Amino acid sequence: MSLAAAVDISSFPSLAAAGAPSVLIAEDERKLRGWLIDQFLGLGIVPLTAGSGYEAIRIAAETRPGLILLDGLLPQMHGFEVARFVRRIDADYRPRIAMMTAIYKNVRYRNEARLKYGIDDYILKPLQPEKLAALVERVKEAA
């Protein structure tokens, strides 16, 4: 069983019943995805997961999470392209999209991500809990 399947939102009724915010974690590396699930649960945020680009777009369209955390290099579709598709789901749906990457570190990529693909935040790997907490605070402030 994958980590994504093991994390069932119904097993966290206090989060789901309280209308807790949700995050879509689009990451194909199981270990990092599991760590992110733990981090967001610790912050009181319901984690949804996707292991590929197409799956991320489908889940975003169906569940409309307030935050989408995209890996830059996803199977089937690049994270930048996923962000572009999410931005076109519905004009009223404006989630905060954060790109996670260990490769695209140059400021040119950050600027392109924001301007061309609608990415709001850019987080370099290895990820740090403090950076995730700051990202969550930005989402809460924008809501």
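Predicted model: local features only at pLDDT ≥ 70, side-chain atom pairs only at ≥ 80, totals over all residues.
Student: How is a pocket defined, and what is the volume of the largest pocket?

Tutor: The search runs on a 1 Å grid over the protein atoms alone. A cavity is a set of points where a 1.4 Å probe fits but cannot get out, whereas a pocket is an open set with protein on both sides within 12 Å along at least five of seven lines. Lining residues have an atom within 4 Å of a point. Grid points are joined across faces, edges and corners, and the volume is the space filled by probe spheres set on the points. The largest pocket holds about 230 Å³. Its lining has 17 residues, and those closest to the centre are G66, L67, R96, V139 and K140.

Student: Which elements supply that lining, and how do the residues divide by type?

Tutor: Elements are DSSP runs numbered from the N terminus: helices (H or I, at least four residues) and strands (E, at least two). β1 (22-26) and α7 (129-142) each supply at least two residues, and α7 gives the most, with five. For type, Ala, Val, Leu, Ile, Met, Phe, Trp, Tyr, Cys and Pro count as nonpolar, Asp, Glu, Lys and Arg as charged, and the others, Gly among them, as polar. The lining has nine nonpolar, two polar and six charged residues.

Student: What does V139 touch, leaving aside neighbours within four places in sequence?

Tutor: V139, in helix α7, is in contact with G66, L67 and R96. V139 and G66 are 73 residues apart in sequence, yet their C-alpha atoms are 7.4 Å apart in space.

Student: Which residues line the second largest pocket?

Tutor: The lining consists of Y122, I123, L124, P126, Q128, K131, A134 and R138. β5 (121-124) and α7 are the elements that give two or more residues to this lining. The volume is about 150 Å³, and the lining divides into five nonpolar, one polar and two charged residues.

Student: Which residues of helix α5 are buried?

Tutor: Buried means under 20% relative accessible area, exposed over 50%, and partly exposed in between (1.4 Å probe, protein chains only). In α5 (residues 79-87), the buried residues are G79, F80, V82, A83, V86 and R87. Seen down the axis, they fall within an arc of 160 degrees, so they line one face of the helix; the arc is that of the directions from the helix axis to the C-beta atoms. Their cover includes α4 (53-63), β3 (67-71), β4 (96-101), α6 (107-117) and β5.

Student: Which backbone angles deserve a check?

Tutor: Most residues other than glycine have a negative phi, and most peptide bonds are trans. R64, in the loop between α4 and β3, has a positive phi of about 50 degrees and is partly exposed, with a relative accessible area of 36%. Q76, in the loop between β3 and α5, has a positive phi of about 75 degrees and is exposed at 55%. A cis peptide bond joins K125 and P126, with omega about 5 degrees; P126 lies in the loop between β5 and α7.

How values were computed:
Residues numbered from 1 in each chain as written. Heavy atoms only, no water. Contact = heavy atoms within 4.5 Å.
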